[in-house]
Amino acid sequence: MNMDIDNYAYLCGYFFVDRNCMGIPSDVSDFWVQCEYDGAGKQLLSNFYYPEFVEFCTEYSTRYRLGINSDVSVPLNDGSGECTFHVDDITLGIYPHGVVIFSIGTAFSGTSEEHVIETLGKLRSCCFYDETVMKDFLGTVIEPLKRIYKAFGFEIPSEGASCPYLVETGNKFKIFQIAHWNGSPVGQEETDRRLFGLGTLSNYYPDKMFSSSLEYYEKLMGQGKLSVFNNWKALMLLDTVTFISLDVSDYQLGIWKDDYFGKIYLYELYRKTYLYRQNLLFRKGVTSAEKLQKELKEFERKYTFSVISYNFLPNEIDSKIGANLEFKREMEDVYHAIEQDVKAIESEREGRVNKFLTFLTIMASLSAVWDISSMVEMLVDYEHTLPSVYTGYRVTASLLIAVILIVALVSNRKKSK
């Protein structure tokens, strides 16, 4: 059964700038307002979050806001009309190592659930925009993003309406959304189905042929659902985070927007995006494996926190988001690939050093051949036991050199195993 819902959704994209960049270019700075924490704001955060996480949110990143405050319409597929929603603003954060993450704040009010799902599906598919369908959104939202992208020194590829450069390592915007509806409470099964439908941006009908299978539904719900209190549930997936509620206060909505999205989700998305880039740099051979390994160790030391809050719920949210963004798997893959390459480099370097040391050993041993030959001559008396003194020295020296070479060869083989 379709219902009208209120839905607040953030569409998130990201790209990379110079690693030392910590501010937006001056030629667009008049349009963007910097968001800063004052002393009281930092102190308030410190009451709930660990000092290192507060430092990350307030000092390691620089955030800006561009007010939009405009309604935007997108035509519906069935030709019945348009879905209209409000765009509040665009926020943009510049994070360590030149990672830029922006979010577009959109609000759907009293809108059909199916229309919200269809429209968000179109909005997030930034690599496949149809100019005739997305014209309003392109002019209102994408044009300001293009301007700041160009201000960072990039050229806009001539790819029509599509803008894949706004999601540098993917093909769609990430979505963090908060949905609620007014009315009589619904059963747990229906609530879960609606949560799954919003989270996957698909109208979930378990009895329809082309709907998601029961196995897939149970897998995603088992991995990503978080249910702590009776009045709301959440589903954390790779491309979306969805909160749904029947009745929630403005105060709770503020926490979901400012803390769970504005701090926790963006922190996890930053870490995921950073590892995306490290993986990309390694695969392309742009940066040496040893340099990447050094950067990863610094990243892990400064920006990887086992817990972030003194309270249980932010830690639950953070853990669930990180797990379903597959941060740990991404980190293990990157670390393993780079570590293997570094080991190969070190092994090759060690092999060259061993060969050089072997050469020095041989040279040092050869310098002792004359001394040993002379000692043998004193014991054997070459002149009386061999045809000549010269023959004695030649035989002894040849045997010594042969022994030295055999020992060096055997030793070098053992070191290389």
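Does Tyr-303 count as buried or exposed, and at what relative accessibility? In this predicted model, Tyr-303 counts as buried because its relative accessibility is 4%, and the cut-off for buried is under 20%.

A pair of aromatic rings is described by the distance of the centres and the angle of the planes. For Tyr-270 and Tyr-303 the centres are 6.0 Å apart and the planes meet at 85°, so the pair is edge-to-face. The two residues belong to distant parts of the chain, 33 residues apart: Tyr-270 lies in helix H7 (residues 250–284), and Tyr-303 lies in helix H8 (residues 289–303). Both rings also belong to a cluster linked by ring pairs, whose other members include Tyr-49, Phe-53, Tyr-267, Tyr-274 and Phe-299.

Across the whole structure, 39 aromatic pairs are found. One of them joins Tyr-149 and Phe-154, which are stacked, with 4.7 Å from centre to centre and 25° between the planes. Planes under 30 degrees apart count as stacked. Tyr-149 is buried, with a relative accessible area of 7%, whereas Phe-154 is partly exposed at 28%.

Aromatic rings also meet charged side chains. The charged end of Lys-257 sits over the ring of Tyr-8, at 3.9 Å from the ring centre. Likewise, Arg-271 places its charged end over the ring of Phe-327, 3.7 Å from the centre.

The partner of S7 is strand S8 (residues 232–236), and the two pair in the antiparallel sense over 2 bridges. Within this pairing, Lys-225 stands opposite Leu-235 in S8.

S8 is in turn joined to S9 by 5 bridges, and these two strands run antiparallel. Leu-235 takes part here as well, with Thr-242 as its bridge partner in S9. A hairpin through 3 residues connects S8 to S9. With strand S6 (residues 174–180), S9 runs parallel, and 6 bridges join the two. Ala-179 has Ile-244 of S9 as its bridge partner.

How many residues of strand S9 (residues 240–245) are buried? The count is 6 of its 6 residues. In a regular strand the side chains alternate between the two faces of the sheet. In S9, Thr-240, Thr-242 and Ile-244 are on one side, Val-241, Phe-243 and Ser-245 are on the other, and both faces are covered.

Other nonpolar residues lie on the surface. Val-228, Phe-229 and Phe-312 form a nonpolar patch there, with about 270 Å² of accessible area together. Of these, Phe-312 is found in helix H9 (residues 312–324).

The last stop is helix H1 (residues 39–46), which contains Gln-43. Gln-43 is partly exposed, with a relative accessible area of 47%; the cut-off for exposed is over 50%. From Gln-43 to Val-54 the separation is 11 residues in sequence and 9.2 Å in space, C-alpha to C-alpha.

Technical notes. Residues numbered from 1 in each chain as written. Predicted model: local features only at pLDDT ≥ 70, side-chain atom pairs only at ≥ 80, totals over all residues. Heavy atoms only, no water. Helix = DSSP H or I, 4+ residues; strand = E, 2+ residues; numbered from the N terminus. Buried < 20%, exposed > 50% of the residue type's maximum accessible area, 1.4 Å probe, protein only. Phe/Tyr/Trp six-rings, centres within 6.5 Å; stacked < 30°, edge-to-face > 60°. Lys NZ or Arg CZ within 6 Å of the ring centre and 35° of its normal. Patch = residues over 30% accessible without salt bridge, like charges linked within 9 Å, V, L, I, M, F, W, Y side chains within 5 Å. Areas by Shrake-Rupley, 256 points an atom, 1.4 Å probe, with all protein chains shown as cover. Salt bridge = Lys/Arg side-chain N within 4 Å of Asp/Glu carboxyl O. Pairing = 2+ DSSP bridges.
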